[in-house]
Amino acid sequence: MELNIGDLVMVKSYEQLPGSIKNRSLGKLCGKRGVVVDKLWSDAKECTLYKLQIDGYDNPSSVDFPEQSLERICGKKEYSYEFSYLDNVVVAILYELGADSKTEIARGHGHIIHEGAAGIAQAASYALKRIYLKIAEN
């Protein structure tokens, strides 16, 4: 299981850890949730090690978590935008991406009032602001 930065994970229970990686510092964090903030390959341990931002802690963990000590928690949502450029309007649509689906969350538009790239960027920015305001109301 390859984890990526930003993945939501849970540290396995102490009983589930392989004996070769059990230690006191890892044991103190068993059962905690966190987000992967860094990963690196360890030649010495011949595995990928992860740094986590554990829920409720201010700083990333000082403990390096071997891949075998972590479980990915499903539920991290991914989003994408699509933009359409019409005569004098830019329309932005926000989608939530699922395994096999693409669901529209909101759409907004902005009028192009400047020439060139600056006008497109300004109108796209305003379209995104309108989406934000719609979502924030709910």
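Reader: How many bridges join strand 1 to strand 2?
Author: There are 3, and strand 1 (residues 8-11) and strand 2 (residues 33-42) run antiparallel. Strands here are DSSP runs of E, at least two residues long, and helices are runs of H or I, at least four, both numbered from the N terminus. Two strands count as paired if DSSP finds at least two bridges between them. This is a predicted model, where local features need pLDDT of at least 70, side-chain atom pairs count only at pLDDT 80 or more, and totals for chains, interfaces and linings use all residues. Residues are numbered from 1 along each chain as its sequence is written, and side-chain values use heavy atoms, without hydrogens and water.

Reader: Which residue is the bridge partner of Leu8 in strand 2?
Author: Val35.

Reader: And what stands opposite Val9 in strand 5?
Author: Arg72 does. Strand 5 (residues 70-72) pairs with strand 1 over 3 bridges, in the antiparallel sense.

Reader: New topic. What is the order of the open sheet of 3 strands?
Author: The order is 6-7-8, with antiparallel pairing. Strand 6 (78-85) and strand 8 (102-111) are the edges, each pairing on one side only. From one strand to the next, the twist averages 20°.

Reader: How many bridges between strand 6 and strand 7?
Author: 8, linking strand 6 antiparallel to strand 7 (residues 89-97).

Reader: Which strands does helix 2 touch?
Author: Helix 2 (residues 116-137) packs on the sheet and touches strand 6, strand 7 and strand 8. Contact means heavy atoms within 4.5 Å. The direction of helix 2 makes about 130° with that of strand 8. Axes are lines fitted to C-alpha atoms, for helices over the stretch in contact, and angles run from 0 to 180 degrees between N-to-C directions.

Reader: Which residues of helix 2 are buried?
Author: Gly119, Ala123, Ala124, Ala127 and Ile131. Buried means under 20% relative accessible area, exposed over 50%, and partly exposed in between (1.4 Å probe, protein chains only).

Reader: What's on the face turned away?
Author: Exposed residues: Ala117, Ala118, Tyr132 and Glu137.

Reader: Last one. Where does Ser13 lie?
Author: In the loop between strand 1 and helix 1 (24-27). Ser13 is partly exposed, at 26% relative accessible area.
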